[in-house]
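This briefing sets out how the parts of a protein model are arranged, and it is meant to be read alongside the sequence and the coordinates. Please keep both in view while going through the points.

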Amino acid sequence: MKLRIISHAGCMDGYSSAFIVKHYWKHLIKAHISEQDIQEAEILPLYPGEIQSDEFVSTPGDVVVDLPRPKGDILFWCDHHATAKPEETTLPKNQFWNITPSCTGYLIDLALQNGLKLTSELRAFKDAMDKIDAAEYTHQEIIDCYYNPDLNKLTPLQKVHAIGAMFNTRDRNLNMEIFKTLLSTELGETPLTSQALWQLNPLMFYRAQLNGYKEWRENVDAYIAYNEEAKCVVQDDRKAQMSRGVPDRFYACIKFPQASYNLSLKPMDPENMRVGLGSNIFHKDRCKVDLGKLCRDIGKKFGKGSGGGHHDVGGAMINTENADAMIEYVLEVLKKGEK
Ligand SMILES: [Mn+2]
């Protein structure tokens, strides 16, 4: 059977979910498929908007993880995003949805229920992925992962960051190629000890990423601003004088500890703007608005309908011409939500 493993592009949870489903498929996929089918599966990284669009055509051999469920016949689906909640109460065979910290952790739990033995490495990997995807870092862990890691003695959490650095460069085609290549080489028990992966020297990418974060923070300092009324940090990349480094997604929480939310706008091309909306990861209790739902709303209201996420973090794609109206709308909703 011709299979495709379709996962969330550019995302560590997407990569890791694809890794787990590929390596532990016998504990996850109930179907007449073989190891050879899995080995020969095409790796297809996609963004949520791409799989939700009418242009996407599913095949009966599609294994979809960490992404919304596509229309049409597929082989396997597993997701943990609140906004991907299916309408039916009983899901078909080989389909799984639940709100969990990471899709990787969810897949590991499902495999454990089907006889996979938990090892200390699997446990450490699951813990790191849950922490990353649910943004449950402590302040110190952010410093250790984004600012100043001891590169000679990486913790599992830092190792996962180093791997993520490999497909989060500024070259989109390179990122896609690395994402696919890392899932096509021989897989170890988890990415933490996959030899073929570590031979590609993730530390080299991580060092470059750390310098990229630093450059990016210095560049963004010129225009990142705090809106007191909405308790929201606004980072509008249209205001950037130049494009430097790689985004450090938690910078707003370090720079503005008083904030409850942060909103970012990133022009993708002349027509499309990517919007990110998150709560302050150190103070999730301050998050009174369902940000995944709000992102779904703004995707519909200001874009072509792509948007969603979790309660305390989400994303959407909007039309560039609606960007100012979107900012105004979001700040108004957040302001009301605070009362
Ligand atoms: Mn995820």
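**Strand pairing and overall layout**

Strand E10 and strand E11 (residues 313–319) pair in the antiparallel sense over three bridges, where pairing requires that DSSP finds at least two bridges between the two strands, and where helices (H or I, at least four residues) and strands (E, at least two) are DSSP runs numbered from the N terminus. The model is predicted, so that local features need pLDDT of at least 70 and side-chain atom pairs count only at pLDDT 80 or more, while totals for chains, interfaces and linings use all residues. Residues are numbered from 1 along each chain as its sequence is written.

**The sheet**

- Six strands form an open sheet of mixed pairing, in the order E6-E7-E8-E9-E11-E10.
- Strand E6 (225–227) and strand E10 (307–309) stand at the edges with a single partner strand each, so one side of each is left without a neighbour in the sheet.
- On average, neighbouring strands of this sheet are turned by 20 degrees against each other, direction ignored.
- Gly-307 has Ala-316 of E11 as its bridge partner.
- Helix H12 (residues 291–302) packs on the sheet and touches strand E9 (272–279), E10 and E11, and the direction of H12 makes about 5 degrees with that of E11; contact is taken as C-beta atoms, placed from the backbone, lying within 7 Å, and angles run from 0 to 180 degrees between N-to-C directions, with axes fitted to C-alpha atoms and, for helices, over the stretch in contact.

**Helices H1 and H4**

- Helix H1 (residues 12–23) and helix H4 (residues 103–113) pack at an angle of about 20 degrees, with their axes 8 Å apart.
- That makes H1 roughly parallel to H4, a term that covers angles under 35 degrees.
- Asp-13, Ser-16, Ser-17, Ile-20 and Val-21 in H1 meet Cys-103, Thr-104, Leu-107 and Ile-108 in H4.
- The residues of this contact divide into five nonpolar, three polar and one charged, with Ala, Val, Leu, Ile, Met, Phe, Trp, Tyr, Cys and Pro counted as nonpolar, Asp, Glu, Lys and Arg as charged, and the others, Gly among them, as polar.

**The two domains**

- The protein is divided into domain 1 (4–203) and domain 2 (222–338), with bounds that come from an automatic or database domain assignment.
- The contact between them takes 14 residues from domain 1 and 16 residues from domain 2.
- On the side of domain 1 that touches domain 2, helix H3 (48–52) and helix H6 (139–147) are the elements that give two or more residues.

Technical notes. Contact = placed C-beta atoms within 7 Å. Parallel < 35°, antiparallel > 145°, perpendicular 65-115°, else oblique.
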